[in-house]
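Here are my notes for your first look at this model.

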Amino acid sequence: MTRADDTPPAWDERTQLTTFLDYARDTARAKCDGVSAENARKALLPGSPLMTVSGVINHLRWVEYYWFQVVFCGEEDRGPWTEDDPDREMRIAVDFPLTQLLDEYAEHSARYRELVAGNSLDERARRPVRDGLHVDLRWILLHLTEETARHNGHLDILREMLDGTTGD
């Protein structure tokens, strides 16, 4: 997979925000190109036993679910995490093929792209995040871009340690 360009086709705020989130998503997927099933499940960082390529991709998929469906739309939280295992989405990722995780991430990203297109950036989330604060859709897009970009750095490290592949 090749990454999309980070230059937006238009200069309005919505297009810039969604272009950067899509670019970060595409970058995460591109960093998985050529990763073997075995390597996708390897935890290489001694202090982070859940940090696998599969775990990062599954986390990105579920973090978007949480912010768009649970926080923004106010739906019931049906994520894989529990109070006893708050990082379960990363733990269970090794039980699934990386190709399946990438496909699910792409499918959900497409759904959220439609959700964003149908709502104002000023629309407030139905659920508060902390101290009763209801963030707007703009903040959620910025947060997800930051989160995805940060995890792309983790994917960079993992990929270099796995097979020496480096890139942007």
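This is a predicted model: local features need pLDDT of at least 70, side-chain atom pairs count only at pLDDT 80 or more; totals for chains, interfaces and linings use all residues.

1. Let's begin with helix H5, which runs over residues 98–117. Its 20 residues reach 28 Å from the first C-alpha to the last, close to the 28 Å expected at 1.5 Å a residue. Which residues of H5 are buried? They are Leu98, Leu101, Leu102, Tyr105, His108, Ser109, Tyr112, Leu115 and Val116.

2. Threonine 99 makes a handy example from helix H5. Its relative accessible area is 55%, and exposed means over 50%, so threonine 99 counts as exposed.

3. What covers the buried residues of H5? The cover includes helix H1 (13–30), helix H2 (37–40), helix H3 (53–72) and helix H6 (137–163). Several of these helices return in the next points.

4. Look at H3 beside H5. The general idea is simple: two packed helices are described by the angle between their axes and the distance between the axes. For H3 and H5, the axes come within 9 Å and cross at roughly 25 degrees. That makes H3 roughly parallel to H5, and their crossing is left-handed. Residues of H3 that take part in the meeting include Ile57, Leu60, Tyr65 and Phe68, while those of H5 include Leu101, Tyr105, His108 and Tyr112.

5. H3 also packs against H6, at an angle of about 175 degrees and with the axes 9 Å apart. That makes H3 roughly antiparallel to H6. Among the residues making this contact are Val53, Trp67 and Phe72 of H3, together with Trp139, Leu144, His151 and Leu162 of H6.

6. Next comes H1, with 18 residues. This helix reaches 26 Å between its first and last C-alpha atoms, close to the 26 Å expected at 1.5 Å a residue. The buried residues of H1 include Leu17, Leu21, Ala24, Arg25 and Ala28. They pack against H3, H5 and H6.

7. How do H1 and H3 pack, and at what angle? The angle is about 155 degrees, and the axes are 11 Å apart. An angle over 145 degrees counts as roughly antiparallel, so that is the description for H1 and H3. H1 passes H3 in a left-handed crossing. From H1, the contact is made by Leu21, Arg25 and Ala28; from H3, by Ile57, Leu60, Glu64 and Phe68.

8. Stay with H1 to find threonine 19. Is threonine 19 buried or exposed? At 11% relative accessibility, threonine 19 counts as buried. Leaving out residues up to four places away in sequence, threonine 19 touches Asp5, Asp6, Thr7, Pro8 and Pro9.

9. Leucine 162 is worth a stop in helix H6. With a relative accessible area of 17%, leucine 162 is buried. Which residues does leucine 162 touch, not counting those up to four places away in sequence? They are Asn39, Lys42, Leu44 and Val53. Compare sequence and space for leucine 162 and valine 53: they are 109 residues apart along the chain, and their C-alpha atoms are separated by 9.8 Å.

10. Finally, please check aspartate 131, in the loop between H5 and H6. Most residues other than glycine have a negative phi. Aspartate 131 has a positive phi of about 50 degrees although it is not a glycine. Aspartate 131 is also exposed, with a relative accessible area of 82%.

How values were computed: Residues are numbered from 1 along each chain as its sequence is written. Side-chain values use heavy atoms; hydrogens and water are left out. Helices (H or I, at least four residues) and strands (E, at least two) are DSSP runs, numbered from the N terminus. The expected span of a helix is 1.5 Å times one less than its number of residues. Buried means under 20% relative accessible area, exposed over 50%, partly exposed in between (1.4 Å probe, protein chains only). Contact means heavy atoms within 4.5 Å. Axes are lines fitted to C-alpha atoms, for helices over the stretch in contact, and angles run from 0 to 180 degrees between N-to-C directions. Angles under 35 degrees count as roughly parallel, over 145 as roughly antiparallel, 65 to 115 as roughly perpendicular and the rest as oblique. A crossing is left-handed if the near helix is turned anticlockwise from the far one by less than a right angle, and right-handed if clockwise.
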